[in-house]
Amino acid sequence: MRRLSGRLWGLTCILVAATTVAACSGTNPDGFASGDSGGRAARFVQQPWGDLVVETQIAVHLLNTLGYRASTQEVSVPLAGQALATGQADAYLGNWWPSQKPVFEQHLNAGKVEVAGTLLDGTEFSPAVPGYVAEKYDVRSLADLDRHADAFKRKIYGIEPGAPANQIIQQAIERDAYGLGDWELVQSSTEAMLAEVSRHAAKQQPIAFLGWSPHWMTIDYKLVFLEDPQEVWPGAGQIRVLMRKGLKEQDPNLYRFLSQLRVDAEMASAWIRALDKEKKTPQVAAKEWMRTHPQVIEGWLNGVTNVDGEPAAKIVLPGLGA
């Protein structure tokens, strides 16, 4: 999955050199790559979500192979929106829609950010409980939670501060939706939240938290996504590729590449498991996947060239087995 709440936005603009093939060359006072030191830049933004980190790593590697100066920076979701809207970043591969609507809708409506394509269809993203909780407490809906408030200790576990999903839960609490007015949103990080879920699961204790698919959690915890009869939650949807205004006209080749990126739930879940469970680095996970999925890479590169106009597939595919 993927990062979302609101008061620590400015604290999360961190360069993630460890997760890129090429570090950013040159930054402005806001910490973003300047992108004006010659050559063709491709500046990505990301959050520390396993699938997003790996797929961005793959995109950065491919574009660097094609002669671009590709880089990525880790920022909060709201700061990613701001970076694209102000032209400080070129692309974002992690637009969970409609859950990120509170952040990106204003930029999209203003024409400052554009949709390059749909990366993955059929996502799920909402408060959830492990399967054993659903069975033992008969909790299948957000409306069921407050009947067991003491068992849950009136807590819903969220992810990183700055995440739109956290904001939606907090707003529901403030409106006393489903009687949750005296509940608490516990914000931390994706890793910390999953550690808390693991701790509760080991003791078969009740816990409610933000869940999403694709992710290994859906299988490991037999996740039950909670129904939402009051429709306070945006619901399931897709993951989209976003780009800054003007990129399509300024670099049609880069736009074509971004618009052709496609993954499926199995791929995304495997990437997350590789980082979370198998403790692989993003570079290793990306390299292993590219080596075993040349046909997918070839589809992404259809009609794409390197910076000198040579067919991308002829340059990239021979080197994938190296």
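1. **Confidence.** This is a predicted model. Mean pLDDT for the protein is 88. Of its residues, 87% reach 70 or more.

2. Where pLDDT is low, predicted coordinates should not be read in detail.

3. **Cavities.** Searching the whole structure turns up 2 cavities of 30 Å³ or more.

4. **Lining of the largest cavity.** The residues are Pro-127, Leu-142, Ile-156, Ile-168, Ile-169, Ala-172, Tyr-178, Leu-180, Val-232 and Trp-233. By class, this lining has 10 nonpolar residues, no polar and no charged. Helix H7, residues 164–174, gives the most to the lining, with 3 residues.

5. **H1 against H12.** Two packed helices are described by the angle between their axes and the distance between the axes. Helix H1 (residues 50–65) packs on helix H12 (residues 265–276) at an angle of about 100°. Their axes lie 7 Å apart. With that angle, H1 is roughly perpendicular to H12.

6. **The H1–H12 contact.** From H1 come Gly-50, Asp-51, Val-53, Val-54, Glu-55 and Ile-58. H12 supplies Ala-268, Trp-271, Ile-272 and Leu-275. How do these residues divide by class? The contact has 7 nonpolar, 1 polar and 2 charged residues. Gly counts as polar here, and Asp and Glu as charged.

Note on methods
Residues numbered from 1 in each chain as written. Predicted model: local features only at pLDDT ≥ 70, side-chain atom pairs only at ≥ 80, totals over all residues. Heavy atoms only, no water. 1 Å grid on protein atoms, 1.4 Å probe; cavity = no way out; pocket = protein on both sides within 12 Å on 5 of 7 lines; lining within 4 Å. Points joined across faces, edges and corners; volume = space filled by probe spheres on them. Helix = DSSP H or I, 4+ residues; strand = E, 2+ residues; numbered from the N terminus. Axes fitted to C-alpha atoms, helices over the stretch in contact; angles between N-to-C directions. Parallel < 35°, antiparallel > 145°, perpendicular 65-115°, else oblique. Contact = heavy atoms within 4.5 Å. pLDDT = per-residue confidence, 0-100.
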